[in-house]
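Please look over the structure shown here before reading the briefing, which moves from the whole chain to selected parts of it.

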Amino acid sequence: MNNSLRSVREAVAILGELGIASISERMIVEFERSWNSVPKETRESLDVITMLLAAVGVGHFDAETFEWTPTSDIVYSFDVEVFDIDRMYTLFLQGIQSISGDEFEITQIREEAGGVEYPSGRETQRVQFLCDGKECTYLAQVNYDWFDVGILDYMNEVLADMGNPKRLYFMSDGYQECIIFYCTQFWARRFEKKTGCRLYSNTKKA
């Protein structure tokens, strides 16, 4: 079945079978109202499952304290055109920590202005953190308010170096939302079979 033709509650049931069961009745009702307000011809070009996952995993940002809190411990989502340029990678790493199941710990996150590191002359931003005490550094390419998704590949390299069998698997909602899971390859393939949505563990293949 085309995912755009599924009802919201059918999508919720499928995600529940995959262990994504922390979708409250209030969220379902609010999402149904929003989804049903979209013209039918527009809905047919959208994917109800990815749109729902994006809503479930986006977390909550407090406009007064500027603190972000997760709304799921299984899925994390964010807009790759970020609103908080100075903390885009800090928030990303906090999001990854929130779906880690406490199987690893990310601490001492620092985002520092970099310099011209690439032959092309493009500016970079240095992102440093500890993952289970190991020092990690990623040079993110600066492109205004756009997130460098290459850090997903870097995080998977970090997990591999730790001997961790799990990886970050991700997909897009078809627009600007990046949806991420921390899981085994077996779970990723099961997710694909259940939902019809493709997951990737390498941005070069996405």
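This is a predicted model: local features need pLDDT of at least 70, side-chain atom pairs count only at pLDDT 80 or more; totals for chains, interfaces and linings use all residues.

Residues are numbered from 1 along each chain as its sequence is written, and side-chain values use heavy atoms, with hydrogens and water left out. The protein has seven helices and eight strands, where helices (H or I, at least four residues) and strands (E, at least two) are DSSP runs numbered from the N terminus.

**Overall form**

- The radius of gyration of the protein, 18 Å, agrees with the value near 17 Å that a compact globule of 206 residues would have; the radius is taken over C-alpha atoms, and the globule rule is 2.2 Å times the number of residues to the power 0.38.
- Along its principal axes, the C-alpha trace spans about 50 × 35 × 35 Å.
- Of the 206 residues, 44% are buried, where buried means under 20% relative accessible area, exposed over 50%, and partly exposed in between (1.4 Å probe, protein chains only).
- Among contacts (heavy atoms within 4.5 Å) between residues at least 6 apart in sequence, 51% join residues at least 24 apart.

**Helix α7**

- In helix α7, which covers residues 185-195, the buried residues are Trp 187, Ala 188, Phe 191, Glu 192 and Thr 195.
- These residues cover an arc of only 140° around the axis, which puts them on the same side of α7; the arc is that of the directions from the helix axis to the C-beta atoms.
- Phe 186 and Lys 193, on the other side of α7, are exposed.
- The packing partners of the buried α7 residues are the helices α1 (8-17) and α4 (48-57) together with the strands β7 (167-172) and β8 (177-183).
- Gly 196 follows α7 and has a positive phi, near 80°.

**Val 75 in strand β3**

- Val 75 lies in strand β3, which comprises residues 75-79, and it counts as buried because its relative accessibility is 1%.
- When neighbours within four places in sequence are left aside, Val 75 is in contact with Leu 53, Val 56, Gly 57, Ile 99, Ile 179, Ile 180 and Phe 181.
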